[in-house]
Amino acid sequence: MEKSHFINMGVNELLHEMLVNDNVQFGEIDTYNHIRKNTNNFEIKYIQLLYVDILWFIEDICMTFENEIYPLELLSVLNIMHPNDILKYGIHNGEKLKETINYGDWKGLNKEGNKLLSFLNLAIELPRYNQGLKLEYNLRKVRGYVDVFNDVLKQVNIDIEKMMKDKDWKLKLESKKKLNQNNQ
């Protein structure tokens, strides 16, 4: 495919291609241009939307453990779940998985407190330290995209985590998440 085809893709579509297609060669300048185009030259409201899209994409990346599939979002909260809640989710090996992955301070994986990097670090680190836990994809290219996105945030002086805590933004985010869940 032509490079311009990838630049014109939506973020979820592009990140998916980066995961599943080894032939996708997308450098930093390409990523920067993709982010610039999708945020209308780094407008704040579009940066917030892009952040949410990237976060939700990463949260949906799956790992397998004893033939069960777990989205990364679930793995990130599994260590604080009560055993009854684990069973309620229909996770048969949840308690065993919880014991397997309880290896340290998950929030400490990223010192900057950036959720995108925390989820990626979690996905990369968990299989290294926990036998039987397998990541569905190599995240190197997605990590590169997130690194460039974080560089853009620094360049335009945006504290995305602080911005995402805004009450009005949280309400918009919750309604968008409910709409997405209803459409599935």
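Predicted model: local features only at pLDDT ≥ 70, side-chain atom pairs only at ≥ 80, totals over all residues.
**View 1. Helix α4, end to end.** Helix α4 covers residues 44–59, 16 residues in total. Residues are numbered from 1 along each chain as its sequence is written, and side-chain values use heavy atoms, leaving out hydrogens and water.

**View 2. The buried residues of α4.** Look along α4 for its buried residues (under 20% relative accessible area, with a 1.4 Å probe and protein chains only). Among them are I47, L50, Y51, W56 and F57. Q48 and E59 are buried too.

**View 3. N150 and its neighbours.** N150 counts as buried because its relative accessibility is 7%. Leaving aside residues up to four places away in sequence, N150 touches N114 and L117; a contact here means heavy atoms within 4.5 Å.

**View 4. Stepping back to the chain.** You can find eleven helices and three strands here; these are DSSP runs numbered from the N terminus, with helices being H or I of at least four residues and strands being E of at least two. Along the sequence they follow the pattern α-α-α-α-β-β-α-α-α-α-β-α-α-α. Of the 184 residues in the chain, 43% are buried. Among contacts between residues at least 6 apart in sequence, 65% join residues at least 24 apart.

Technical notes: Buried < 20%, exposed > 50% of the residue type's maximum accessible area, 1.4 Å probe, protein only. Expected span 1.5 Å × (residues − 1).
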